[in-house]
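Here is a short tour of one model, written for someone who likes to look at the atoms while reading. Please keep the structure open beside the text.

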Amino acid sequence: MTTEEFKINGYKIVDWLCNYFNEIEKYPVKSQLKPGEIFNRLPDTPPNSRDNFFDILKDFENQIMDGITHWQSPNFFAFFPANNSFPSILAEFLTAGLGLQCMMWVTSPAAAELEEKMMNWLRDSIGLPSSFSGVIQDTASTATLVSILTAREKFSDYEINQKGFSEKNKFRVYCSTEAHSSIEKAVKIAGIGASNLIKIDVDDKFALKPELLRDSIIKDISEGYRPLCIVAALGTTGSTAVDPIYEIGKICRQFNIWFHIDAAYAGSALILDEFNHFKNGIEFCDSFVFNPHKWLMTNFDCSAYFVQNKEALISTFEILPEYLKTPEVTHVNNYRDWGIQLGRRFRALKLWFVIRSYGLDGLKSKLREDIALTKYIQEKIENDEEFEILAPVDFNVICFRFKPKGIGNINELNQINEELLNLVNSTGKAFFTHTKLNGSYVIRFVIGQTNVKKENVEKAWKLIKSIASELKINKEYK
Ligand SMILES: *Cc1c(COP(=O)(O)O)cnc(C)c1O
């Protein structure tokens with residue numbers, strides 16, 4: 001492709017994306033294809049001769065688009081959002097054009113220094129003390145693994161990195177039964193073992209019970225274990241429950257345990273003063289992660305990872321073969337030493353574009369609008385006799401279920417709600433996902449997509465109601 005062709009095709013792509021966003025609601029939100037359909041329609045061998053860009057773009061439309069699930073649709077209420085925004089997309093375009101590899105300061109000083117500045121901006125915006133340093137990780141899963149590895153090294157005097165595990169390294173890690181699966185993955189990868197991840201029971205709000213945590217720690221110590229790390233959720237994935245951060249922090253201090261806070265989703269909301277009560281005790285943590293790539297309109301991937309003591313982090317990951325030695329005498333951040341991978345994308349640019357394009361006030365009003373829309377739908381559900389909400393609504397996630405009169409049996413309720421969810425999703429008009437809370441199947445209504453408006457949530461709620469009443473009629477006549 002020549003520069004001239006790049007220019008023509010580049011404008012074409014921008015035009016295509018503009019149409020896409022204008023017409024995004026005409027696509028089924030959740031791809032309706034069956035497994036294998038895309039794979040089987042693609043040729044088994046690569047082309048030997050060049051295809052022209054026009055044909056590639058046409059095939060993208062004809063062969064790929066119906067296999068796309070539209071995460072940027074305002075009718076996407078599933079999982080958690082993976083939001084983008086126009087400023088973020090444009091930054092990603094520039095990033096792709098520059099094609100940097102940001103493993104260390106010298107490979108692009110601007111990337112390293114912009115990253116440091118953006119992490120400071122985010123740290124201050126969510127109210128972490130200025131003693132914390134930040135680094136962008138690809139995902140919260142990676143950040144949690146990095147955190148547990150750092151704890152492992154710190155509490156083994158950096159011995160496991162050198163010699164591997166020994167008899168004396170009987171570590172235990174703790175989280176709640178509602179904590180994210182990435183924690184279990186991390187303890188497996190870190191060599192601690194899934195059976196040494198102790199899952200502590202939750203209260204009726206799905207938050208960890210600190211007294212049970214304390215009991216568990218005391219018992220483990222008496223049995224010769226070394227409690228290594230507690231991972232608290234500030235917003236669980238199921239229902240956005242917030243663990244008692246302050247109490248957990250105190251336990252960590254008392255027993256000298258590493259404290260990691262997983263705020264992957266709800267951490268974005270900490271830029272709002274009205275959530276200050278959730279920050280009580282975050283200064284106790286050793287590490288903290290949240291994902292601007294979820295609710296903060298910044299393209300995946302972008303996880304903001306903060307540590308109280310960057311020396312422990314760097315001592316865990318630093319490695320310096322001859323070919324990576326550089327002559328900087330003054331202090332610079334070589335982010336290859338702040339995590340697992342050597343090569344890194346230039347991810348700070350999109351944060352800079354997003355934060356500057358919206359301003360902090362703009363970001364705050366976006367989150368507040370989502371929270372207001374959530375309240376609006378929450379009230380509708382609460383006032384509906386045939387629906388019920390099964391978890392506190394602290395942010396912008398409503399966990400609810402259909403509960404028609406006459407059905408009280410949990411299995412029947414679970415079944416009818418699963419049917420309801422599948423029917424709603426098969427219309428293509430909205431996309432929801434579910435979780436289970438205390439064994440009950442609940443539909444999650446997540447209201448945080450970049451472009452979501454009142455009309456979208458209203459349409460979605462009406463859709464659920466009408467499919468639910470059809471389901472009920474069918475059941476009654478069966
Ligand atoms: C989404 C989520 C994760 C995983 O995030 P990734 O960035 O996809 O790894 C971890 N913890 C919580 C609480 C989450 O909501």
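Is N84 buried or exposed? N84 is buried, with a relative accessible area of 10%; buried means under 20%, exposed over 50% and partly exposed in between, using a 1.4 Å probe and protein chains only. This is a predicted model, in which local features need pLDDT of at least 70 and side-chain atom pairs count only at pLDDT 80 or more, while totals for chains, interfaces and linings use all residues. Residues are numbered from 1 along each chain as its sequence is written, and side-chain values use heavy atoms, with hydrogens and water left out.

You will find N84 in the loop that runs between helix 3 (53-64) and helix 4 (86-98). Helices here are DSSP runs of H or I with at least four residues, numbered from the N terminus. Leaving aside residues up to four places away in sequence, N84 touches F21, Q72, I89, M297, N299 and T450, where contact means heavy atoms within 4.5 Å.

Now to the ligand. Around the ligand sit 13 residues, and A140, S141, D262, N291 and K294 are the closest; a residue counts if one of its heavy atoms lies within 4 Å. Helix 6 (140-154) and helix 11 (292-295) each supply at least two residues of this shell.

The table lists polar contacts, meaning pairs of N or O atoms within 3.5 Å.

| Residue (polar side-chain atom) | Distance to a ligand oxygen atom |
|---|---|
| S141 | 2.5 Å |
| T237 | 3.0 Å |
| H293 | 3.4 Å |

Taken alone, the ligand exposes 380 Å², and the protein buries 88% of that, with areas from the Shrake-Rupley method and a 1.4 Å probe.

Terms used. Polar contact = N/O pair within 3.5 Å; in protein donor to acceptor, adjacent residues only side chain to side chain.
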